[in-house]
Each structure stands twice: as structure tokens, then as C-alpha cells.
Amino acid sequence: MTCPTCGGTKVLRGLGKPIHGPCHWMEIPCYRCHGTGEVESVQAIWIEEGKYLREFREKRDWSVREAANWLHVLPSEWSKAEHGTVDPSSVHGALQQRVLKDLAGQTRDE
Ligand SMILES: [Zn+2]
């Protein structure tokens, strides 16, 4: 399927900042599809699941490191799961367990 990150254009545009001179728009090969414009459909599912992790983290205004510490996973694990470059189901599972545990803890405190 078409890569959702670059939309099949195979490149990403970003504002580059050279050491000397003004910022300018640069094109870099898409990191998701490695410049092919296509991704495996299983990876598209990972990307969708990863978006949930990002939303979860951003709602709490956490950095990747803070979220990873909270969940007791490596920041690199969280980051890869969030970007959908790996299967995020293990991080997802841990997150659900942790959320449930927190909810149970809150109920007990009341
Ligand atoms: Zn791409």
C-alpha cells in the first residue's frame, strides 16, 4: 500500500538548517518506506496502533523518555512502537496493563 508518511512521494520535506547560511527546504528519503513510496500492509496497521501511543503520551504532555519510564520499557522501544517501525502490540499490552493497574489503585484509594 502507499506509504502514509510520505503519501507515496518517497521523500519528506523538512526545513534544513545548515551551519552557515539561512534555513531552506530540503528533501530527505522517507524513513518509513525507505524511499520506495510503499509499505507492507502489516506495517500500516502498526502505524495506526502507534498513533494511539503518541496520542496517549501527548495527552499527558510526556516526552518519550517519561512515557517509557512510566511503562518500564526502553525509550527506544516506545519510540519504535510509536512510529510503527516495530510491532507495537507488546508496548500496547504493557500500557493497557499499567492503565488498568492505575485505575484499580485509584479506586482503592477512594
Ligand atoms: Zn514513505
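**Helix packing around H3**

Helix H2 (residues 64–71) packs against helix H3 at an angle of about 110°, and the two axes lie 8 Å apart. Axes are lines fitted to C-alpha atoms, for helices over the stretch in contact, and angles run from 0 to 180 degrees between N-to-C directions. Helices (H or I, at least four residues) and strands (E, at least two) are DSSP runs, numbered from the N terminus. H2 and H3 are therefore roughly perpendicular to each other. Angles of 65 to 115 degrees count as roughly perpendicular, under 35 as roughly parallel, over 145 as roughly antiparallel, and the rest as oblique. On the H2 side, the contact is made by Val-64, Arg-65, Ala-67, Ala-68 and Leu-71; H3 supplies Pro-75, Glu-77, Trp-78 and Ser-79. Two residues are in contact if their C-beta atoms, placed from the backbone, lie within 7 Å.

The model is predicted: local features need pLDDT of at least 70, side-chain atom pairs count only at pLDDT 80 or more, and totals for chains, interfaces and linings use all residues. Residues are numbered from 1 along each chain as its sequence is written.

H3 (residues 75–83) also meets helix H1 (residues 41–59). Their axes come within 6 Å and cross at roughly 125°. H1 and H3 are therefore oblique to each other. Gly-50, Leu-53 and Arg-54 of H1 make this contact with Ala-81, Glu-82 and His-83 of H3.

Within H3, Trp-78, Ser-79, Ala-81 and Glu-82 are buried. A residue is buried if 20 or more other C-beta atoms lie within 10 Å of its own, exposed if 12 or fewer, and partly exposed in between; C-beta atoms are placed from the backbone. Down the axis of H3, the buried residues fall within an arc of 165°, so they line one face of the helix. The arc is that of the directions from the helix axis to the C-beta atoms. Just after H3, Gly-84 takes a positive phi of about 75°.

Glu-38 lies in the loop between strand S2 (24–29) and H1. Glu-38 counts as partly exposed, with 13 C-beta neighbours inside 10 Å. Not counting residues up to four places away in sequence, Glu-38 touches Met-1, Thr-2, Cys-3 and Cys-33. Glu-38 and Ser-63 are 25 residues apart in sequence and 29 Å apart in space, C-alpha to C-alpha.

The domain assignment of the protein chain gives domain 1 (1–39) and domain 2 (48–109). These bounds come from an automatic or database domain assignment. The C-alpha centres of domain 1 and domain 2 lie 27 Å apart.
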